[in-house]
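Dear colleague,

Please find below the structure that I am handing over to you. My findings follow directly after it.

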Amino acid sequence: MFDDFFIRALFAGIGVAFVTGPLGCFVVWRRLSYFGDTLAHSALLGVTIAFSLEFSIALSVFITSSVVALFLIQLQKKTNLPGDALLGLLAHSSLGVGLVAIGFLSFIRFDVMGLLFGDILAVNVNDLLVIWIGGALILIILKLIWKPLFASTVNYELAEAEGLNPERAKAIFTLLMAAIIAISIKMIGLLLITGMLIIPAAMARNVSNSPKGMIVFSVIGGLLSVFLGLFSSLNFNTPSGPSIIVAALMLFIISLFRIKQTIKLKN
Amino acid sequence: MSDENNILVRLKDAGIRQNDKWLVKGVSLEVNKGKIVTLIGPNGSGKSTTAKIALGIYKEYDGSVEKFTNKIGYVPQKISIDWTLPLRVADFMVLTDDLARSDINEALKLTGVDHLIDKSLGNLSGGEFQRVLLARAISRKPELLVLDEPVQGVDFSGEIALYQLIKKISEKLNCGILLISHDLHTVMSATDHVVCLNGHVCCSGSPIDVANDKEYKALFGDLASQTLSIYEHKHDHVHSNDGDLKQKN
C-alpha cells in the first residue's frame, strides 16, 4: 500500500495535520508564530548536522530546535533586547549558519529547495513511522498538559495562583513545537511549517466559538489543505509544501465570508 | 490570635523589591477559615502585590509566606480575553478544574449570571464578566478565596448583593477570604479583620479599631468619615424637561 509515493505523502500529510491543528491553535492564542519561525529556521542547521554525522534527521532537528529554544529563553532573561529582535536574530543567524554549513558539505548532494519547501518524493516508510509515532506522542503529551497550558494561555496568574504550574507546561510546549517541526520538515519544508500551524488555526477561529471547536476545525482545515495541496502537487507538478499552504490560504479566505456574516448579525 | 488548625495562609514581614524600590514592605497577616480579611489602601499601596505574594505568584520576595492549603480560588483585578481565543462562559468555568455541569450552574446562579452560560466571554459587560469571575472562583469550593476588587463595574444594588454573597460563602464553605477593596463602607460592615496598606502596614485590626486609628484617618481623610454615610451618586448629566438626558460639561 505504501509502495506508491503519493499514498505515502498523503498519509504523512494526514499525520502532520492532526498534530499541527491543536498546536497551531496554541501558536495563535499565545502569539508564538514568529517563535515557530525561529525554531523552524534553526531546523536547517539540524538537517546539516544529521547529514554530516549520518544521524536521524528528525532527532537531529528536534535537538537543534530545542537547544535554540533554550538559548532564546536564556537570552530573554539576560539581555534587554525586545523579544522580536531576539527572535529575528536567532531565526536569521541559524538559517545563515545552516546554509553556510551546507556549503561546506560539498561531498553530499543536497536538495536545498526540498528542505526549504518540502518534497513529497522524499517521504519514505521510515518517515511515515516517525510522523505517526512522533505525532501520537505529541498529542498525548499535549493532552496531559492541556489544563495548565490552556489556563495559563487565558491568564497566567490565575493558573499560577490556583496551583497549575504554568511554567512547566510552557517549557514542555516549547519542546512539542520543536518536535512537530522535526517530524514535518520533509513534508512541508522549514520555511512553511509555521504557515501550516497558523493558517488552518486562523481559519478555524473564524468559524468556531469555543476552544475545542477551534481545534476540531483547525484539524479539518489542515486535512483539507493536505488533500487539496497534494493533489494539485501531483497534477500540476508544483512543490508540495507551497501547494498545501496555498490550499490552506484559500480555506482561510472562504472562512472570512463566514465571519463577515457573524459581524453583520451582531450589528 | 487564632487556632493553628484554622490557619490558611500566613505572611510574616513579607515584601517585594523591584529595581531597588519597595513595592510593598513588611506585611504580616494571616487568613483563617471562615474569616474575611480585607486589604484597603490608596492606589499603588501594594494591595494586589500583597495578594500575589500570598498566592505564590511572585517567586522572589522578602520575609516568609506559609500556605496551608492548595484549594484556592482567585479573582484577579484585571483579566483580558483576547479575540483570538474563542471562550464561552462554560469553557471559562472549567479553566483550572473539571467541574460537574450542576456545580457550574449553581455557582453562576449564586452570582446571578446563569443565563449567560453559553455566551461568549468577549460579549459580556464589565459587571457580568465580574460576576462570572466570582462564580468561577467559588465553584471550585475553595478553602481560600482571594478576591481583588471583585465587584468593580457591578451596579450598586448588585454590589451590595455580591458582598452579602461573599460573606455567605465564607460561612457556608467555611473558607477564608482575602479581600481587596477600596470600598470603605462595605468593607467596614462585612469584614473580620482590616489591614490598611500604604506601601507598608499603616494599621490593622478589627474594622472599628482601624476606623478609629489616626493613621487611617490621615490616609483617607474625608473619605473615612463618609464610611457610615449614605451612598451618594455623582451626577454627570442633567435631566431636561422632556426627560432627555444631557451630558454635563
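In this predicted model, strands 8 and 9 of chain B make a hairpin, with three residues lying between the two strands. The turn contains B:Gly199, whose phi is positive, at about 85°. Strand 8 covers residues 193-197 of chain B and pairs with strand 9 of chain B in the antiparallel sense, over four bridges. Within this pairing, B:Val194 stands opposite B:Gly205, a residue of strand 9 of chain B. Strand 9 of chain B, residues 201-205, is mostly covered, as four of its five residues are buried.

Turning to the domains, chain B is assigned two: domain 1 (1-71 + 144-158 + 174-228) and domain 2 (78-141). The C-alpha centres of these two domains of chain B are 25 Å apart. Their contact involves nine residues of domain 1 of chain B and eight residues of domain 2 of chain B. On the domain 1 side of that contact in chain B, four residues are nonpolar, three are polar and two are charged.

As for the two chains, 21 residues of chain A are in contact with 20 residues of chain B. On the side of chain A that touches chain B, two or more residues come from each of helix 1 (5-29), helix 7 (146-154), helix 8 (156-161) and helix 11 (211-236) of chain A. Helix 8 of chain A provides the largest share of this side, with five residues. By class, this side of chain A has ten nonpolar, six polar and five charged residues.

Yours sincerely

Terms used: Residues are numbered from 1 along each chain as its sequence is written. Chains are lettered from A and ligands numbered from 1 in the order in which they are written. This is a predicted model: local features need pLDDT of at least 70, side-chain atom pairs count only at pLDDT 80 or more; totals for chains, interfaces and linings use all residues. Domain bounds come from an automatic or database domain assignment. Two residues are in contact if their C-beta atoms, placed from the backbone, lie within 7 Å. Ala, Val, Leu, Ile, Met, Phe, Trp, Tyr, Cys and Pro count as nonpolar, Asp, Glu, Lys and Arg as charged, and the others, Gly among them, as polar. A residue is buried if 20 or more other C-beta atoms lie within 10 Å of its own, exposed if 12 or fewer, and partly exposed in between; C-beta atoms are placed from the backbone. Two strands pair if DSSP finds at least two bridges between them.
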